[in-house]
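Here's a quick tour to read with the model open beside you. Take it one topic at a time and find each residue as you go.

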Amino acid sequence: MLLGISGALCAQVKEFKESPFLYPVSTVILDAGHGGHDPGALIRFSDYAGEELLEKEIVLDITKQVAQLLRQWYPDLQVILTRNSDDFLSLQQRADIAARTNPGVGASSIFISIHANSSNASDASGVEFLVKRADKRVRFLVHDVDTWTIMRYANHTVDELNQLLNRANILLASQLEQRFLEQFPTVRNRGIKEQDIWVLNAGKVPSVLIEIGFLSNPEDAQNMQNPDWRSQVAHAIARGIADSLNPGSSAFFPE
Ligand SMILES: [Zn+2]
């Protein structure tokens, strides 16, 4: 008997041990949005003929910096980028990388997609953290899954897996949100939102899409041009991811 630990905490510990989404993270999949012929959001500067700020370039730069920090902090961590250059990948290809990468027995993967937002309203600004809709039912065992996937999910019903995945998504989003607010205390935080987004539904691992700011907002766009700001965003995301890693695996939060 565990003296002094409440029943609720015991239940949480039990869930932690049983959820295939809360095993120690061995694999981080970083997804820079858009790429190639798909620039994502963009703005053109009226002052400089033809000069553009493209979402695909901003998010690739930040994603590479996140990867570099994680590899430096956690040499044993498997860090995978869905794209490492200006390539176009379909949403299916991105989700397949998340779904088909075997994190190893007793370990798990997480998927972080990095985007910049845009709106017709130029006063829309700030950061938001998107997770799949809780009522979106993911099917884990489809006809062509790999054997490791069957071993991984066989002990749970589809409903249990969806519930556990939803909780893991919120946990991951909260960790990223917390680190972001720590780095940028005055940022407009639009919070954690559920959205029906293809890459969040299809990856089958805890997944969060971060919208780092609005290219359509002059102040946010100015930040996105600033290399220091981008580096701070990368640090905030990397720290949020580090919160999800097994704390015993390496030195925690090195600078
Ligand atoms: Zn985008």
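This is a predicted model: local features need pLDDT of at least 70, side-chain atom pairs count only at pLDDT 80 or more; totals for chains, interfaces and linings use all residues.

Residues are numbered from 1 along each chain as its sequence is written. Of its 255 residues, 36% are buried. Here, "buried" is for a residue with 20 or more other C-beta atoms within 10 Å of its own, "exposed" is for 12 or fewer, and "partly exposed" is in between, with C-beta atoms placed from the backbone.

**The fold and its core**

- Take the contacts between residues at least 6 apart in sequence: 79% of them join residues at least 24 apart. Two residues are in contact if their C-beta atoms, placed from the backbone, lie within 7 Å.
- The largest nonpolar core has 54 residues. Such a core is a set of buried Ala, Val, Leu, Ile, Met, Phe, Trp, Tyr and Cys residues joined through C-beta atoms within 7 Å.
- Val66, Ile112, Val208, Ile210 and Ile237 have the most contacts inside this core.
- Helix α2 gives the most to the core, with eight residues.
- Leaving aside neighbours within four places in sequence, Ile237 is in contact with Val66, Ile112, Leu176 and Ile210.

**Where α2 meets α8**

- The axes of helix α2 (residues 55-73) and helix α8 (residues 227-244) come within 8 Å and cross at roughly 50 degrees. An axis is a line fitted to C-alpha atoms, for helices over the stretch in contact, and angles run from 0 to 180 degrees between N-to-C directions.
- That makes α2 and α8 oblique to each other (under 35 degrees counts as roughly parallel, over 145 as roughly antiparallel, 65 to 115 as roughly perpendicular, and the rest as oblique).
- On the α2 side, the contact residues include Ile58, Ile62, Val66 and Trp73, while α8 brings residues including Arg230, Val233, Ile237 and Ile241.
- By type, the contact residues divide into 12 nonpolar, three polar and two charged. Ala, Val, Leu, Ile, Met, Phe, Trp, Tyr, Cys and Pro count as nonpolar, Asp, Glu, Lys and Arg as charged, and the others, Gly among them, as polar.

**Where α5 meets α8**

- The axes of α5 and α8 also come within 8 Å, crossing at roughly 140 degrees.
- These two helices are oblique to each other as well.
- Among the contact residues are Leu172, Leu176 and Phe180 of α5, and His235, Ile237 and Ser244 of α8.
- This contact has five nonpolar, six polar and three charged residues.
- Serine 244, in helix α8, counts as buried because 21 C-beta neighbours lie inside 10 Å.
- Not counting residues up to four places away in sequence, serine 244 touches Val25, Ile110, Leu172 and Gln175.

**Helix α3**

- Arg94, Ala95, Ile97, Ala98 and Ala99 are buried in helix α3 (residues 91-100).
- What covers them includes β1 (25-32), β4 (78-81), β5 (108-117), α6 (198-202) and β8 (207-214).

**Loops worth a look**

- Most residues other than glycine have a negative phi.
- Histidine 34 isn't a glycine, yet has a positive phi of about 60 degrees. Look for histidine 34 in the loop between β1 and β2 (42-44), where it is buried, with 23 other C-beta atoms within 10 Å.
- Lysine 204 also has a positive phi, near 65 degrees. This lysine lies in the loop between α6 and β8 and is buried, with 24 other C-beta atoms within 10 Å.
- Valine 187 is in the loop between α5 (158-183) and β7 (189-195). Valine 187 is partly exposed, because 17 other C-beta atoms lie within 10 Å.
- Although valine 187 and valine 127 are 60 residues apart along the chain, their C-alpha atoms are separated by 7.4 Å.
- Setting aside residues up to four places away in sequence, valine 187 touches Gly126, Val127 and Leu181.

Terms used. Helices (H or I, at least four residues) and strands (E, at least two) are DSSP runs, numbered from the N terminus.
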